[in-house]
Amino acid sequence: MSQFEDRQKGQEAKFAFDAEKKFKAEARRNKLVGIWAAELMSLTGDEAKAYAADVVAADFEEAGDEDVFRKVAGDLKAKGLNVGDDVIRQKMLQLVQVANEQIAAEG
């Protein structure tokens with residue numbers, strides 16, 4: 001029975017590790033998306049950092065990525081920028097890969 005319990009504990013630890021890694025990567029992706037959108041809106045310095053933090057915070061509104069997408073798309077449109085929904089979604093997909101690579105490199 002001890003081997004079974006050890007295996008179960010190992011699987012639980014892996015699940016927790018994977019969940020934490022996924023959370024960190026999504027938060028990092030959201031920050032990167034925020035920085036990208038801030039650049040498009042000509043925000044710099046502290047304004048850009050604050051906007052990126054707002055994008056990260058937007059992810060806590062609901063499960064999934066739609067809350068982040070709506071925030072960024074709405075803000076870009078409010079600034080009069082014509083950035084297609086497909087461009088925003090593609091950037092989010094691209095930046096989740098970048099975020100995963102950065103998280104992996106950090107160890």
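This is a predicted model: local features need pLDDT of at least 70, side-chain atom pairs count only at pLDDT 80 or more; totals for chains, interfaces and linings use all residues.
Residues are numbered from 1 along each chain as its sequence is written, and side-chain values use heavy atoms, with hydrogens and water left out.

K77 sits in helix α3 (residues 66-78); helices here are DSSP runs of H or I with at least four residues, numbered from the N terminus. Between K77 and L95 there are 18 residues of separation in sequence and 21 Å in space, C-alpha to C-alpha.

As for packing, α3 and α4 meet at an angle of about 130°, their axes 10 Å apart. Axes are lines fitted to C-alpha atoms over the stretch in contact, and angles run from 0 to 180 degrees between N-to-C directions. The α3 and α4 pair is therefore oblique, the class left over once angles under 35 degrees (roughly parallel), over 145 (roughly antiparallel) and 65 to 115 (roughly perpendicular) are taken out. The α3 and α4 crossing is right-handed, meaning that the near helix is turned clockwise from the far one by less than a right angle.

α1 and helix α2 (residues 45-58) pack at about 135°, with 8 Å between their axes, which makes α1 oblique to α2. The crossing of α1 and α2 is right-handed. In the loop between α1 and α2 lies S42, which has a positive phi of about 60° although it is not a glycine. S42 counts as exposed, at 61% relative accessibility.

The largest pocket holds about 180 Å³ of space. A pocket is an open set of points on a 1 Å grid over the protein atoms alone, with protein on both sides within 12 Å along at least five of seven lines, and lining residues have an atom within 4 Å of a point. Two or more lining residues come from each of α1 (2-40) and α4 (85-106), and α1 gives the most, with 5 residues. The lining consists of F17, E20, K21, K24, R28, I103, A104, E106 and G107. By class, the lining of the largest pocket splits into 3 nonpolar, 1 polar and 5 charged residues; Asp, Glu, Lys and Arg count as charged, and Gly is among the polar ones.

Technical notes
On a 1 Å grid over the protein atoms alone, a cavity is a set of points where a 1.4 Å probe fits but cannot get out, and a pocket is an open set with protein on both sides within 12 Å along at least five of seven lines; lining residues have an atom within 4 Å of a point. Grid points are joined across faces, edges and corners, and a volume is the space filled by probe spheres set on the points. Buried means under 20% relative accessible area, exposed over 50%, partly exposed in between (1.4 Å probe, protein chains only).
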